[in-house]
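Let's take a walk through a protein structure together. Have a look at it first, and then we'll go through how its parts meet.

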There are 2 protein chains.
Amino acid sequence: MRKGDATRARIIEAAARQAAIRGLAAVSLNDVAEDVGLSKSGLFKHFTSKDDMHIAVVEAVLDRFRDFVRTPAQALPPGRPRLEAIFDNWLRWGENEWADSGCPVNQLSIEFDDQPGPVRDLLRARLGTFRDAVLAEFQALRDPPLAKAEAQAAYFQMKSFIFGHSDARRMMGDTDAARTARAAFQALLDRTAKAAA
Amino acid sequence: MRKGDATRARIIEAAARQAAIRGLAAVSLNDVAEDVGLSKSGLFKHFTSKDDMHIAVVEAVLDRFRDFVRTPAQALPPGRPRLEAIFDNWLRWGENEWADSGCPVNQLSIEFDDQPGPVRDLLRARLGTFRDAVLAEFQALRDPPLAKAEAQAAYFQMKSFIFGHSDARRMMGDTDAARTARAAFQALLDRTAKAAA
DNA sequence: GACGAAAGTGACCGATCGTGCTCTTTCGCT
DNA sequence: AGCGAAAGAGCACGATCGGTCACTTTCGTC
């Protein structure tokens, strides 16, 4: 079943692109089918329902997010090098890989944060393990390691800057947003690394 | 035409509540009509089309945002008092006035930031004047006033913390998010107020 | 090259979408 | 009290929604 897998991947790709722009709920099967050059009924050979396709899309986006943002950073030394890589990867992931929509993880988070269900559960679980991994890197910024509360405060600001960048860049059209975000994050690292225990 | 205005306001209110949770595009006229106790065709005595209702909803949300977040702060002295009030109002506006959806301005921003059209234009314009007003308060933090670039960097972080709070509170279920956000913002004010010129 | 399974098509279903139409009820004013 | 206009109901429309089914084409394997 080689052919089927490739088609399934193309469907997910098309759906994810559209979802990142208009929101997952606004993606119709007709649009996806036309985009990928398939009949609408052909989609049902790869997914049992629209909801089934939805969670497949979210899972695929989260997988690619991990592969692009977090995994490459694991090759670097713990602490600051990894944190800098993760932050920079995240900005580039939004600006380059999703050039006409921005980071789909942010979009999906805001779309589903008030809607209970499998999509939100999936997002919450996967983003939770991501957060825990980043928290560990923040703790490794100092020796002895940072208190957990301090790491959490730092992670809060890190993730905030990611959202802020997306808003400044895409909503307000600030082409300098990436530079501003990087500067804010570097200052955060400086502060966190040398703060009094 | 007193009665009509009241009904129109109730329609907008219901539509805004739903839009804050599911997104504006996912709000159907049927749902709104049922919610407000009206027939679907009755809606068209107050709006010429669904798009017309959309911009009315966005305008109303932005008006209430201004009235709740920015206007009360104008009674305080410029600079830090106003900034603290604006930030605190913003957090409370999201947590209290929109208890089961979070701040609708954030939601609308992310939903429409990649979709050109009148809604995005309206958001961009109104949020732009809000930003300019807050920038002036940041500049008033010091005498002589802050350089514009520094004020912009500070505003970027302020708005970032608002987004971060929404994500932590609603997506990740962190009930302590408001405290974390306030602490981060206070530290930002401290830094900005005393940084070297 | 044949054959079974996987992949994909086209027609169709009931429900719901936004919107126009005509008609009735209700309000605001003199 | 009466009258014109505003507010709203009811119905119907074409389009589109997610989804099913019977059928055909294509693929992977022996």
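**Where the chains meet**

Start at the interface: 37 residues of chain A are in contact with 37 residues of chain B, where contact means heavy atoms within 4.5 Å. Keep in mind that this is a predicted model, in which local features need pLDDT of at least 70 and side-chain atom pairs count only at pLDDT 80 or more, while totals for chains, interfaces and linings use all residues. Residues are numbered from 1 along each chain as its sequence is written, chains are lettered from A and ligands numbered from 1 in the order in which they are written, and side-chain values use heavy atoms, with hydrogens and water left out.

The size of an interface is often given as the accessible area lost when the parts come together. Here chain A and chain B bury about 3,200 Å² between them, 64% of it on carbon and sulfur atoms; buried area is the accessible area (1.4 Å probe) that two parts lose on being put together, summed over both. On the chain A side, D114(A), F156(A) and M171(A) lose the most area to chain B, together 23% of what that side buries.

What about charges? Between chain A and chain B there are 4 salt bridges, each a side-chain nitrogen of Lys or Arg within 4 Å of a carboxyl oxygen of Asp or Glu. K159(A) forms a salt bridge with D167(B), and their closest N and O atoms are 3.3 Å apart. As for the helices (DSSP runs of H or I, at least four residues, numbered from the N terminus), α8(A) gives the largest share of the side of chain A that touches chain B, 14 residues.

**Rings inside the chains**

Now for the aromatic residues. Over all chains, the structure holds 18 aromatic pairs, meaning rings of Phe, Tyr and Trp (its six-membered ring) with centres within 6.5 Å; planes under 30 degrees apart count as stacked, over 60 as edge-to-face and the rest as tilted. One pair is F65(A) with W93(A), which is edge-to-face at 5.7 Å centre to centre, with 70 degrees between the planes. F65(A) lies in helix α4 and W93(A) in helix α5, so the pair ties together parts that are 28 residues apart in sequence.

Are these two buried or exposed? F65(A) counts as buried at 2% relative accessibility, and W93(A) is buried at 1%; the cut-offs are under 20% relative accessible area for buried, over 50% for exposed and partly exposed in between (1.4 Å probe, protein chains only). Ring pairs link both into a cluster with F68(A), W90(A), W98(A) and F130(A).

Notes. Helix = DSSP H or I, 4+ residues; strand = E, 2+ residues; numbered from the N terminus.
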